[in-house]
Amino acid sequence: MFRRPNLYTSYEAENKIFPTWTQRGLAAIAIIILFLMPFDLPVISQIPVVRFLGDSNWLRPVSTMFIILVGALGFNLLAGVAGQVSLGHAFFMGVGAYSAAFLGGEGTDAVFGMGLPIWIWLPGAGIGAALVGMLIAPVAVKLRGLYLAIVTLGLVFIGIHMGNTSWGKKFAGDPGLGRSFPTFDIRLWKEEDPLVLMDDDSKWLWFEVSDNQKTYFFVLVIAIIALIVAKNLARSRTGRALQAIRDRDIAAEVMGVSEFKYKVIAFAVSSFFAGVSGAMFASLAGKLPAIEWDLFLSVEFVAIILIGGAGTIAGTVMGTVFVILLPLMIEEMTIWLSEQIDEGGFFSPIANFLLTEGADDFGPISIATQTPGWPLNVFDWNIALYGLLIIVFLIFEPLGLYGIWISIRNYWKGWPFSY
Amino acid sequence: MAESSSSSPLAGIVKSPGLMVLAAIVAAAAVFLLLQAVNDPFTFLQALMKSFGLGAVYALIALGFVLIFKATQVVNFAQGALAMTGALFVSFMVADGHIPFTTIPNPLVNISPSWLGWFLSVLVALAAAAILGLIIERLTIRPMVGEPLFSVAVLTLGLEIFLRVFNNDAVKIQFRSLEVPWGVSGFNIGEAFVAWSYVASMITAAVAFVAVFFFYRSRMGIAMRAVAYDQEAAMAQGINVGRVFAIAWAAGAVLAAIGGIFATQPPVAQTGAVQFETQLIAFRTLPAVILGGLDSVQGALIGGLIIGFAEIMAGQYASGQIDILGAGYPLIVPYVVMIIGLLVRPYGLFGTPEIRRV
């Protein structure tokens, strides 16, 4: 069904999640592929990227990506849509993780834990973080811009320190080792054998599912729910109010948008997403010390929003995929390059230039894992690249990947008159 | 800063309930400290000198923040990385005896009184820090003129991450010593021990603040203040805004490096060596800047001293409660003080309130 691309006859039509049938069809195909990706199916597994990501080694990073996506959607709502720049997202993730551990974890003498099932602890993690977020919101009403960013930065440090205190240890466990978090097992109540056990392989319908695949499906479903909630919130009355506050808060208030009310809503919802994300993050990791919820994690969300494109759901998705998968891609590529050297393949000159093997070789990337001095190893380069990407995107493409996508799309929409 | 002449500070305290609560807390803390001081004057004196020493370090790094913010409206989150880089330059030149990033021996190490050689090496390291500041400004900050302030602040976060990788790589295997000439030695006032490092950092901070005070009255300083007031108008008056930016960043990087060197000295940092924690000191300086007001030079000094005082005194007198407060709690005190202070005065003690228009 062909139509003019920018013609909308009503506000409802323009604000649909997928305005055109092409988009609806593509979205449906994408969801089907995402669900069938982990299996070794005849047709779908032959698509190049899908075959690569659906590989069992990659399911875990992809699961992490969906978990981070949930948190990033929350951060986008707060920073992108409402314009409240917070560096404390890691703190709220931590609050969510320890709420989850309190509700769902195994209690011992050292740590709290009530052993409740997942349908209580996962929403509970969100609600716990949301309550703390609502406490922070009045601060955001009083402070503006960078002052708010720095106060929330302080929250991160205070939050990590709480893991050192005698009462904080009851939640967070040993400061060095951390505590164990509840698993994704689905139970009705505290019974011994759960409905769905995540740890072993089993057979669903016609498919053999491994533990990683089960976890993947679980986080995929949660991420899709989070996407729908975030998108609907952003295009509703609340979302428009938040945008009004972002664009000009005094003008918004003159128009009858209560700044206090909507900032509280923004912080509560954003923290809810962060809490759920943090709980799943901790659950996937199994055991985490409190120091994990640090400034770097917060900056990761800032990077996701900026690289993807602030204020857009599609941009957030693109940013998450890019920021989480790029370091892994680079690691894979380094391994592949070193194989090229060994085999004397076509790319071995490039590999020789980039990699350092042994003492006399000169190249920016070192293969050894622990190297002091100049040739940094690939993990260090990944972190450096992170910082560099933030800088480069801010300077050259402030609208992020979403902006690039829009300009490409507009080029082809207007083709052959693309000027 | 333009003080509002209509109301005295006391009248302001009576008007606002938040200020009254804060005043009560401060008064209670003051009474407690006074009792402690009468009870055991030398312990108090020792802690006081320590707090001034630490406060001076905070004030130095904070001054760098404020200089950059006043000229370019950028909150520089990379200040911590710059501080550590500066300290590392000194370590490369003194402990290794090489010019940074080369194998050329550093001739300054062999100068006969060793403290003179150290001092000259520090000067060279500061020059290197200034050049680093210039490079950063030219490559990353200049293209961002006219962009939203928050974007530039996040850009400096990216810088922080980028520089941190290289800094951490340098101290990955072992911490790097600075070999300060006065070491851990000091002198006694009665039973109170005062390390020379504290005196040195206090003197340096005093010199830096006096220098900045006079700098703001020089031709370049007036240009910088004009740029801070209105970039376009300053440009129309023939001021080279780019040069102002460059000078501000060079000065900010130098001040960060000085702060980093003093933060690494033996009694301030336990080991007396550059390590991962060195760059966290700049994040603890943020409370000092914010408490004093982002755009106020005297705010940086007073904020730094308040934060240093609060941190050391909490470490000295609340250590009985370490179980509840947690190990390392003094490092959190700056943030707590900042949050309380900001709730009462949202733009810091001396900061200019932002004028908001529709």
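Predicted model: local features only at pLDDT ≥ 70, side-chain atom pairs only at ≥ 80, totals over all residues.
Colleague: What makes strands β2 and β3 of chain B a pair?

Modeller: At least two bridges are required, and DSSP finds four between β2(B) (residues 186-189) and β3(B) (residues 192-195), so the two strands pair. The sense is antiparallel. One of the bridges joins B:G186 to B:A195. Two residues lie between the strands of this hairpin, and B:G190 takes a positive phi near 60°.

Colleague: How do you know that B:A129 is in contact with B:L82?

Modeller: The cut-off is 7 Å between C-beta atoms placed from the backbone, and B:L82 is in contact with B:A129, so their C-beta atoms lie within 7 Å.

Colleague: Which residues touch the most other members of the largest nonpolar core?

Modeller: B:A59, B:L60, B:A129 and B:A257 do, in a core of 225 residues. Helix α3 (residues 41-72) of chain B gives the largest share, 19 residues. Both domain 1 (39-293) and domain 2 (312-419) of chain A supply at least three residues to this core.

Colleague: How many residues of domain 1 of chain A are in contact with domain 2 of chain A?

Modeller: Twelve residues of domain 1 are in contact with nine residues of domain 2. On the domain 1 side, α4 (56-81) and α9 (211-234) of chain A each supply at least two residues, and α4(A) gives the most, with eight. That side divides into nine nonpolar residues, two polar and one charged. The centres of the two domains, taken over C-alpha atoms, are 27 Å apart.

Colleague: How many residues does each chain bring to the contact between chains A and B?

Modeller: Chain A brings 40 residues and chain B brings 42. Helices of chain A that each supply at least two residues to its side include α6 (118-142), α13 (295-308) and α16 (378-396). The largest share of that side, eleven residues, comes from α7(A). By class, the chain A side holds 28 nonpolar, eight polar and four charged residues.

Notes. Residues numbered from 1 in each chain as written. Chains lettered and ligands numbered in written order. Contact = placed C-beta atoms within 7 Å. Nonpolar A, V, L, I, M, F, W, Y, C, P; charged D, E, K, R; others polar. Core = buried A, V, L, I, M, F, W, Y, C linked by C-beta atoms within 7 Å. Buried ≥ 20, exposed ≤ 12 C-beta atoms within 10 Å, placed from the backbone. Domains from an automatic or database assignment. Lists of a residue's contacts leave out its neighbours within four places in sequence.
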